[in-house]
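This report describes a few local features of one protein chain. Please look over the sequence and the model before reading on.

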Amino acid sequence: MKPTLFTLLLVCFAVAAAWAQRTVSGRVTEAASGEPLVGATLTIQGTSLGTSTDIDGRYSLRISKDADVLLVRYTGYRGQEITVGNRSSIDIALEQDAELIEEVVVIGYGKQIKSTLTGNIAKVGGDALKSMPVVSVEQALQGQAAGVFVESVNGKLGGAMRVRVRGIGSINAGTEPLYVIDGIPIAKDARNTSGAPLNPLVDLNFNDIESIEVLKDASAKAIYGARGSNGVVLITTKSGRSGRSRIELDLQTGISQPTGRREFLNSAEFIELFTEAANNSDDLEGVPYDDPNSWTDFVMRRFARYDGHTDWTQRIDHTDWQEEALRNGSMQNAMLSFSGGSDRMRYYASANLGQNKGILVGNGLDKAGGRVNLDFDATSRLKVGINLSLSRTLTRQVSDDNAFSTPMQLVALAPITPMRDEDGELYDRPVTTYYNGLIDVEDGYRKVYTLRTIANIYGDYKFNEYFGLRVEGSANLYSVRDDAFFGERTDNGNDSRGFGFSAFAGATDYNTNAVLHWDRDFDRHALGFDLGSELFSSEYTRTYVEGEQFPSDEFKTLASAASITAGTSTITNYRFLSYFGRVRYNFNRKYLLNVSARMDGSSRFGKDNRYAFFPAASAGWVLSEEDFLKSNKLLSFLKLRLSWGISGNADIGNFQSLGLYGAGNYNGVSTLAPDQIANPALTWEKSAETDFGVDFGLFNNRLSGELDYYIKSTSDLLLNVPVPGTSGFANQFQNIGELQNSGVEIVLNSNNLVGAFSWTTSVNLAFNKNEVKSLASGQTLIDDGSSRYMNVVKTGEPIGVFYGAEYAGVDPQNGDAIWYVNDPDGDPAATTNDYGEANFVELGSPMPTVIGGLNNTFSYGGLTLNVRFQGQAGNKIHNAGGGFMSCNACWFDNQTRDQLDRWQNPGDVTGVPEARLGYSNGDQSRSSRYLSDGAYLRLKNVTLSYDFPARIFGKSGIRDLRLYVTGTNLLTFTKYDGWDPEVTTDFLASNTVYGVDFYAAPQPKTYVIGLRAGF
């Protein structure tokens, strides 16, 4: 068949067209860093032809004419339109969108540009937490957020932390802020059975954290309604970023030491003081309770008992028991992460492993965990993702501070006592004064295992560019297993040939929410709203079993116990159902308005008051955008803020509103008996808060800051109040009482030097006044009547105010301890040597009136030095152990060395009364004798790092390398003479007990060297 003319023409046109087409290629990178952008799209304008960049940011695209225009797009970056011309190679550098460069903060159920905020939110970036050698993320927050009080109750690894946002917000209900990790509310309740409460947040890897936002004022936190009154801590973990994949490895190793030690008597001083004390007691009427002769004979026999197989008359220092309790700790941490993605999919994955040996003998903590965060643009309208984390911890726990078996109470033992007998066995009673807690370390264990899975799945659908719907479903599965065994020689097992228990606790939390969001700009107007609902459900189960009579100490599980002595199981649950909305408006980013509301329902409250409404409103005025200030060269930014709102507190027991019955046993028959009186009217605590704030920037924002004044009144306090005995019950939860927190917060940020050598400073200070306004009708004081602890609740005073006898010193004529009588109608200078005649008065607050932090960063080249101080003032500390360890030899506990400064002769002027063995002479703990100034300033963290120049690595695959050394708790400046001023003993779990030191372990001083490499 012959070709036709038409066919020949088609061939010619095709050849010509192919000849006219050519290929253009190149690379798309980020302008700032030069990093390749993976998955950037390039299309020819007016056509559907296009391509995307590969893993190295490279592309290749055929064009038909020089006039073709390339459209280059990449999420989060400014797009470009490029005319090809006669070029065959075009490299393209994209810049980040300016709106994305402006600082964004996380708010409840969303994000917002900081300059348009009308509430008070403190943000701590992940870089401020990265590589810090602390066990818990709360510790890394100390001194970094104004108005956020953070306290480690003692130096035990894994121990509880206390966080208070703008003061203490309740007496009987919870006072911890709500923690929300990637949108999932996380309970802070400790679930362990043995020892003191543990911190459930220790399993969080802070290297995974992108940012922490603390919602402080009512406008910011009211969107969380019933659970927001104590503040909200939003923790956002890292997400992947489009671009070249990145691998980061962080390795740390370090040692730790106690921040402080007390001075105790050596053997010679011990014998001298207690001999003198016995002689003084012989001069008084009476004899030892178990000795028919004299106190002197009694003390000599005690010396002979305490010296074991040695001779006490040689006055040899056999044991420094403080050094046996404390030791040098160690830590090793390894963290590995992978991140990256394309324009449609982003990923972040990490793994961490840590081993920590505490400064307290027998205490340790091991951690392991992993995380995967995925975000995927399924379509141009639908974005889906999942955040999944797994963690496991093992805490080798020691007894709480109140137990003789806790290592810190070893200091009570006599220095003349050897630690071991001639056969190498640890001495115990009767040779030791009290139980030797080292036996627990050698012949027993307490192990607490925790497993946690947190999963969050979301879908975000855009109906158009303004309107969308985000739906989330999440689960927090948290389980705790306590395994303990105590051998035959231990205090728990010596009467039962060994004792053991096993407990399992499991908490399962589910949370779902759906939020409609709409945002649109109309020229100078910007309007947005959120409308959502949320359902939260929690169930907690616990099983416990114990047994005794083990064949030998080699058999440590309950399967070997001859007798199972106890067992129980419990289950409890609660739910929240919530509806919320929020409207945002700003005019020209100058006049700002935010209104929110939330309706919460909780199963915890009575049927008559199950739901409550929590509104909030705030406004802002950006004065620096006004014409009369726009050209001001001094003032670069100025915004006034005003907010008001109501938030609630539902953190009480699950069934406090119900009439409950308890199961019992009567002669082998199961019974039921009334256990709790009902209160169907029980409802929420409500906190109404007003905040006035100013945000400012000077000298082109070289100096910037915030100033806030707030007043927060909490009413309808959830109090466990006495009820008439005719009801058949002693107490009932009711909504009675009011308390108030008010204060000022100051934040200053300064770029002192800019250039090759840079220096930045950040300062935050917060002043808070806490006051109990009212209690139940006719009630002005809540005092449990303890003879050892002084914290009470009293109207007109801060929560937990110290209340006891005011110590007046020592009578120089006879060595008696004396107190001020403090008779309201008598002589204010009158004193008495009879403790019972001294009226109790307010002696000071355990809570600081001012907290703060100071951070300085110096950089030159690749060298960076960061120095952070943290401190507090205005509080006192009660050494509740002083009535034993500093009681002028009232009994046989070893004494602190300051007791040598005792009264001995008429005319002596001293604060330590005459030593009298077996007699109370000023040793009453509920006295200002054992109160000290609790203010301190601590060099919290010093980090020196060096970033090696990238050019030295060539093509090795190493993108950056940092070598650093870090120290925490390096120096502490304080007048407190105890182990450490950051203290609240761990066995007194109460909102009203603060600032009590009862054999609490000091904080660790840590030195770490680390290496972080990026590939």
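Which residues point one way from strand 12, and which the other way?

The model is predicted. On one side of strand 12 are Met-161, Val-163 and Val-165, while Arg-162 and Arg-164 point the other way. The residues of both groups are buried.

Strand 11, residues 148–152, runs antiparallel to strand 12 and is joined to it by 5 bridges. Opposite Arg-162 of strand 12 stands Glu-151.

## Helix 6

Helix 6 is formed by residues 295–306, 12 residues in total. From first C-alpha to last it reaches 16 Å, close to the 16 Å expected at 1.5 Å a residue. Gly-308, which follows helix 6, has a positive phi near 60 degrees.

Buried in helix 6 are Trp-295, Thr-296, Phe-298, Val-299, Arg-302, Phe-303 and Tyr-306. These residues lie on the same side of helix 6, because they cover an arc of only 155 degrees around the axis. In an α-helix there are 3.6 residues a turn, so residues three or four places apart point the same way. The buried residues of helix 6 pack against helix 5, residues 267–282.

## The disulfide

The count of disulfides is 1. It joins Cys-887 to Cys-890, with an S to S distance of 2.2 Å. The link of Cys-887 and Cys-890 is left-handed, with -85 degrees about the S-S bond.

Are these cysteines buried or exposed? Cys-887 counts as buried because its relative accessibility is 1%. Cys-890, at 11% relative accessibility, counts as buried too.

Definitions and conventions. Residues numbered from 1 in each chain as written. Predicted model: local features only at pLDDT ≥ 70, side-chain atom pairs only at ≥ 80, totals over all residues. Heavy atoms only, no water. Disulfide = S-S within 2.5 Å. Buried < 20%, exposed > 50% of the residue type's maximum accessible area, 1.4 Å probe, protein only. Helix = DSSP H or I, 4+ residues; strand = E, 2+ residues; numbered from the N terminus. Pairing = 2+ DSSP bridges. Expected span 1.5 Å × (residues − 1). Arc of directions from axis to C-beta. Contact = heavy atoms within 4.5 Å.
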